[in-house]
Amino acid sequence: MGCCSSASSAAQSSKREWKPLEDRSCTDIPWLLLFILFCIGMGFICGFSVATGAAARLVSGYDSYGNICGQKNAKLEAIPNSGMDHTHRKYVFFLDPCNLDLINRKIKSVALCVTACPRQELKTLSDVQKFAEINGSALCSYNLKPSEYTTSSKASVLCPKLPVPASAPIPFFHRCAPVNISCYAKFAEALITFVSDNSVLHRLISGVMTSKEIILGLCLLSLVLSMILMVIIRYISRVLVWILTILVILGSLGGTGVLWWLYAKQRKSPKETVIPEQLQIAEDNLRALLIYAISATVFTVLLFLIMLVMRKRVALTIALFHVAGKVFIHLPLLVFQPFWTFFALVLFWAYWIMTLLFLGTAGSAVQNDQGFVEFRVSGPLQYMWWYHVVGLIWISEFILACQQMTVAGAVVTYYFTRDKRNLPFTPILASVNRLIRYHLGTVAKGSFIITLVKIPRMILMYIHSQLKGKENACARCVLKSCICCLWCLEKCLNYLNQNAYTATAINSTNFCTSAKDAFVILVENALRVAAINTVGDFMLFLGKVLIVCSTGLAGIMLLNYQQDYTVWVLPLIIVCLFAFLVAHCFLSIYEMVVDVLFLCFAIDTKYNDGSPGREFYMDKVLMLKRR
């Protein structure tokens, strides 16, 4: 772990001065050990699901009697048709593949192991019989011989529903899936309420398939635009701030003026009606307009005063954006940070989903009410699902926290290096090295705190969705209030965690100490924090809107030349959503850099005064905004 030569924990707790990058020590080791043990538990779940035969059942598939396709099977007690030799029957075939259970998300059909999937539609039982004789693949129940398909009275129950749709095996998973998507269209219609006609969904899917090259090109365009914006945003930040200021001033003055105008107009209007009830309504409306106008006036005056007081803080925000642009010039690998994080998340999510699928087929064979076999986990092991879900949240948050710590470490190195020519060759890799050697425990602790807040919120959201339309107004209000409070708490903790990681990157202190020190610095600079979190977030939001609008406009112009389909809705929605996602990922890195720079600036301002021995580390642009 690189801790052999580190300072002792007592010495670490005794030093209270900020000494950027002077020494390193391991932080929150017990939490790192706890996280390692938790990951070992996740590995045990995966190993258990594979060892109990779930891997074979998932990949090869199994029939309704518990037999795994493509191999010899052992006899299951009291289960008919079990223990069959399916060495030559490698594919799972469903007698009624379009019979979907939307609630339990599975196919409500008898499953059989067959030699081959029917590549062409079979319209009659004679066609099914002919297919079995030619291909040696019996599509009816094991109890019915192919010669009896057209003569047996039970054929309508034991044979597939006619017509049998043409199907093809799913790669790697040996299931016969219908080639025609009409079944899946019906499934989608049950989930998407605005689709009332099959033709609508078919046209939407056709539009996506026909324009897939354009969609791919537009997604690439949004990626390029996001990277360009990260470089040039420091040059347009001042313009964006002026746009925001002018819009706020015009909006507040205009709204206040309109309210006073309406009040004056209604007050001077003649009272022609003599009905007392209408006179009372008019007086109430006039009184309401007066209250609104006075409130808007007070709000406008307060807004002007706040803008007057915070004008220097807004100037600091612009300066921080300018310096953040310099950071990306000196540390170009920061631009690629979202790629590595996304790649790590995709790998983990793929592992998590595969393990989840293994768990879905793990356990012992149990006969259900229809006499078919299901695999269920009993005893304490049935709670592995909950452990697996917690692992999804904690490890995902851990990966995101590693990104925050990596970015913080690289930016801290940049800020507290006086001569930028002496920066490490790759500050990002140096930051990753420090993270792995010293601070994984801090990241594990911070991500666990977020997990503790996120899990109750997800449980309440699930309860709210299950009780939708059943609970009374009071219960609905309480649930929504709790969900909202937990969401706000999660956002606050995320912001505090990010600053705690920055403090750890600077002074190599544990999570609690770093969080406390960062919180004190933030409270001392509350007005500056407010300016950065309002003006800065708005500028980044405008950047996201710019990228989405540019990509959407390019999409409209390109799709205008496509005449192969009539519906543009879905391709444009996919492109715009992807553009927003990409813009959010890249600009969140920019926002992270600005927040780290601000904390470094606040610490630099507090502990240095420019005198010999206490020179500032800050950029010249920030030097003018320190007061």
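L305 sits in helix α9, and L305 is partly exposed, at a relative accessible area of 46%. Partly exposed lies between buried (under 20% relative accessible area) and exposed (over 50%), using a 1.4 Å probe and protein chains only. Helices (H or I, at least four residues) and strands (E, at least two) are DSSP runs, numbered from the N terminus.

This is a predicted model, in which local features need pLDDT of at least 70 and side-chain atom pairs count only at pLDDT 80 or more, while totals for chains, interfaces and linings use all residues. Residues are numbered from 1 along each chain as its sequence is written, and side-chain values use heavy atoms, with hydrogens and water left out.

**Surface patch**
- L305 belongs to a nonpolar surface patch with W260, I294, V298, V301, L302, I306 and L308, and together they have about 710 Å² of accessible area (Shrake-Rupley method, 1.4 Å probe, only the protein chains shown counting as cover).
- Patch residues have over 30% relative accessible area and no salt bridge, and nonpolar side chains (Val, Leu, Ile, Met, Phe, Trp, Tyr) are joined within 5 Å; a salt bridge is a side-chain nitrogen of Lys or Arg within 4 Å of a carboxyl oxygen of Asp or Glu.
- Helix α9 (residues 276–309) gives the most to this patch, with 7 residues.

**Nonpolar cores**
- The largest nonpolar core has 83 residues, and L334, Y590, V593, L597 and L622 have the most contacts inside it; such a core is a set of buried Ala, Val, Leu, Ile, Met, Phe, Trp, Tyr and Cys residues joined through side-chain atoms within 4.5 Å.
- Helix α17 (residues 569–607) supplies the largest share of this core, 17 residues.
- A second, separate core of 24 residues includes F94, A111, V114 and F131.
- Beyond its neighbours within four places in sequence, Y590 is in contact (heavy atoms within 4.5 Å) with M230, I233, R234, F321, A324, G325, F328 and L540.

**Backbone spots to look at**
- Most residues other than glycine have a negative phi, and most peptide bonds are trans.
- D28, not a glycine, has a positive phi of about 55°; D28 lies in the loop between α1 (9–14) and α2 (29–51) and is buried at 12%.
- S508, also not a glycine, has a positive phi of about 60°; S508 lies in the loop between α14 (473–507) and α15 (511–524) and is buried at 0%.
- The peptide bond from L162 to P163 is cis, with omega near -10°, and P163 is in the loop between α5 (155–158) and β5 (167–169).

**Confidence**
- The chain averages a pLDDT of 80, and 83% of the residues score at least 70; pLDDT is the predictor's confidence in each residue, from 0 to 100.
- Over residues 1–16 pLDDT stays under 50, and over residues 187–202 pLDDT stays under 50.

Note on methods:
Patches are made of residues with over 30% relative accessible area and no salt bridge: like charges are joined within 9 Å, nonpolar side chains (Val, Leu, Ile, Met, Phe, Trp, Tyr) within 5 Å.
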